[in-house]
Amino acid sequence: MRTEFNLAQLEPTVVYRLLTSSVLPRPIAWVSTVSADGVDNLAPHSFFTVSSATPPIVQFTSVGRKDSLRNVEATGQFVVNLAPESLIDEVNKTATDFPHGVSEFDAVGVAREPAARVKASRVAGSPVALECELHSTLRLGDSTVVFGRVVHIAVDETVLDGDHPAVTRMRPLSRLGKDEWGTLGEVVDLRRIRYADWPESN
């Protein structure tokens, strides 16, 4: 037996809670930007994924018009920093609604480092940083999807297995429902089956 929800009859906040408690775990784009006035900004966005491999494009969604979006529109650049388990407290604190013009790097005490190709700073303690130039934006209702072309990737040597970032070394965080966060947990290695190897095809 199921409980049925007619979204046309629900308040937007209820729909939001249903979606974010159902679509999970969600990877976190810990997005660093810099304003036209030179103020660094850092905020986690859990509506995030890879959009294209060739060309390399990632996307994150700004629900409402937040500083991350304003800065990307003003400068055309941003960095997606991987949010590791070891920095969960800092990631959570950078979601605070600080007043416009306050740098979360400074307010929270997150160490920064210069990026190689863009003006926005990278998170020094993040194992992977994707430096991006704005490709395009797409307005959807109360949200804006930001597409960024990845122009440079910086990976901490300690998380590399050859030239492959190892998930068990990166220990990425994810967002769940309500105030819940996900950690890596058990990793299952299961190879995809080619149709040529499917039993009924032989």
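In which segment is the place of Ile193? Ile193 has its place in the segment after strand 14 (181–182), where helices (H or I, at least four residues) and strands (E, at least two) are DSSP runs numbered from the N terminus. The model is a predicted one, in which local features need pLDDT of at least 70 and side-chain atom pairs count only at pLDDT 80 or more, while totals for chains, interfaces and linings use all residues. Residues are numbered from 1 along each chain as its sequence is written, and side-chain values use heavy atoms, with hydrogens and water left out.

With a relative accessibility of 55%, Ile193 counts as exposed; here buried means under 20% relative accessible area, exposed over 50%, and partly exposed in between (1.4 Å probe, protein chains only). Together with Tyr195 and Trp198, Ile193 makes a nonpolar surface patch of about 390 Å².

An open sheet of 7 strands, with antiparallel pairing, has the order 3-2-6-9-10-5-4, two strands being paired if DSSP finds at least two bridges between them. Because strand 3 (40–45) and strand 4 (48–52) stand at the edges with a single partner strand each, one side of each is left without a neighbour in the sheet. Neighbouring strands of this sheet are turned against each other by 35° on average, direction ignored; axes are lines fitted to C-alpha atoms, for helices over the stretch in contact, and angles run from 0 to 180 degrees between N-to-C directions.

Strand 5 is in turn joined to strand 10 by 7 bridges, the two running antiparallel, and Thr61 stands opposite Val145 in strand 10. Since 5 of the 7 residues of strand 5 are buried, strand 5 is largely enclosed by the rest of the structure. Helix 2 (residues 67–75) lies across strand 2, strand 3, strand 5 (57–63), strand 6 (77–82), strand 9 (128–140) and strand 10 (143–155), and runs at about 50° to strand 2, contact meaning heavy atoms within 4.5 Å.

An open sheet of 3 strands, with antiparallel pairing, has the order 1-13-14, and its edge strands, strand 1 (26–27) and strand 14, each pair on one side only. Strand 13 (residues 174–175) pairs with strand 14 in the antiparallel sense over 2 bridges, and Arg175 stands opposite Trp181 in strand 14. In the loop between helix 1 (12–22) and strand 1 lies Pro25, which is joined to Leu24 by a cis peptide bond with omega of about -5°.

Arg171, in the loop between helix 5 (167–170) and strand 13, has a phi near 55°, a positive value in a residue other than glycine, and at 30% relative accessibility Arg171 counts as partly exposed. Lys178, in the loop between strand 13 and strand 14, likewise is not a glycine but has a positive phi of about 45°, and Lys178 is exposed, with a relative accessible area of 67%.

Key. Patch = residues over 30% accessible without salt bridge, like charges linked within 9 Å, V, L, I, M, F, W, Y side chains within 5 Å. Areas by Shrake-Rupley, 256 points an atom, 1.4 Å probe, with all protein chains shown as cover. Salt bridge = Lys/Arg side-chain N within 4 Å of Asp/Glu carboxyl O.
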